[in-house]
Amino acid sequence: MTSSPAHAVPLSTRSAAVLAVASLAGLMMLCWPLLLRVPDSARIDPPFLFLALLPVVIAVVLAEISEGGMDPRVLAILGVLSAINAILRGISPGTAGVELTFFLLILAGRVFGPGFGFVLGCTSLFASALMTAGVGPWLPFQMLVSAWVGMGAGLLPRRATGRVEIAMLVAYGVVAAYAFGLLMNLSGWPFMLGIQVPGHEGSLSYVPGAPLLENLQRFGVYTLVTSTGSWDTGRAITNTVALVVLGPAVLTTLRRAARRAIVTVG
């Protein structure tokens, strides 16, 4: 099993810079409530301006990446993989953490590169949201975090092959499963009031103006109790099984397609 000789969606220096800046902006949109210093009695409302800006940021990144030259064959592959991922998400809507969306995203990012992985993460989640009526204020964050998952897979070391490569992808899939759950929890946790968990004394809600470490501790416990041991672990197990069982065959198929759709940068 050999690595793909090049990326199907090459990133120019400018595109990589735009991607880095947009990722930093997205991270700030997730983390900003933790950095606020406001009176204890103040109320923090959902960042509607951020929610409006985030799709714009994503659109700018997609436009910048595609400017590098998306061959029609690459667009066709992107469309097919986006449709497959949307269908997979429709038939595995996260029940008990069983989600089949991410293993294909990871494999495609691995083969086609970080630019393609970023775009596929956005288009897959957008298409699946349209199919499952899952459009809401959470969608831009789901698109962005999924884009990071695909991009990260494309940034993994290229030299790994065979069983070592599958083991590396499995490890990445486990980390990505927990990271996705953590970041998506962070996108909504600051705006949930009166969070009470059986067996835990006191509220786990975000406290505006509280020290960063205190809010991080509350968030850590909230995520651990409500997500890490259930949904996120189920997602990690699903990624592991899918990558081990289907990974080698899917990688071979995707690499065969990549060899016919490589785009070179002039």
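A search of the whole structure, which is a predicted model, finds five salt bridges, each defined as a side-chain nitrogen of Lys or Arg within 4 Å of a carboxyl oxygen of Asp or Glu. Local features in this predicted model need pLDDT of at least 70 and side-chain atom pairs count only at pLDDT 80 or more, whereas totals for chains, interfaces and linings use all residues. Residues are numbered from 1 along each chain as its sequence is written, and side-chain values use heavy atoms, with hydrogens and water left out.

Glutamate 165 takes part in a salt bridge with arginine 110, with an N to O distance of 2.7 Å. Glutamate 165 belongs to helix α7 (residues 162–188) and arginine 110 to helix α4, so this pair ties together parts that are 55 residues apart in sequence. Helices are DSSP runs of H or I with at least four residues, and they are numbered from the N terminus. Glutamate 165 also forms a salt bridge with arginine 255, where the closest N and O atoms are 2.5 Å apart. That pair links distant parts of the chain, with arginine 255 in helix α8 (residues 212–259) and glutamate 165 in helix α7, 90 residues apart. Relative accessible area is classed with a 1.4 Å probe and protein chains only: under 20% is buried, over 50% is exposed, and partly exposed lies in between. Glutamate 165 is buried at 0%, arginine 110 is buried at 0%, and arginine 255 is buried at 3%.

A further salt bridge joins the side chains of arginine 218 and glutamate 214, at 3.7 Å from N to O. Both residues lie in helix α8, four residues apart, about one turn of the helix. Arginine 218 is partly exposed, with a relative accessible area of 21%, and glutamate 214 is partly exposed at 38%. Glu99, Asp232 and Arg235 are linked in a network of salt bridges.

The axes of α4 (residues 101–112) and α6 (residues 139–154) come within 6 Å and cross at roughly 40°. Axes are lines fitted to C-alpha atoms, for helices over the stretch in contact, and angles run from 0 to 180 degrees between N-to-C directions. The angle makes α4 oblique to α6, given that angles under 35 degrees count as roughly parallel, over 145 as roughly antiparallel, 65 to 115 as roughly perpendicular and the rest as oblique. The crossing is right-handed, meaning that the near helix is turned clockwise from the far one by less than a right angle. Ala, Val, Leu, Ile, Met, Phe, Trp, Tyr, Cys and Pro count as nonpolar, Asp, Glu, Lys and Arg as charged, and the others, Gly among them, as polar.

Helix α5 (residues 114–132) packs with α6 at an angle of about 150°, their axes being 7 Å apart. This makes α5 roughly antiparallel to α6, and the crossing of α5 and α6 is right-handed. The α5 residues in contact with α6 include Pro114, Phe118 and Leu125, and those of α6 include Leu139, Trp148 and Met151. The contact of α5 with α6 has 12 nonpolar, six polar and no charged residues.

Definitions and conventions: Helices (H or I, at least four residues) and strands (E, at least two) are DSSP runs, numbered from the N terminus. Contact means heavy atoms within 4.5 Å.
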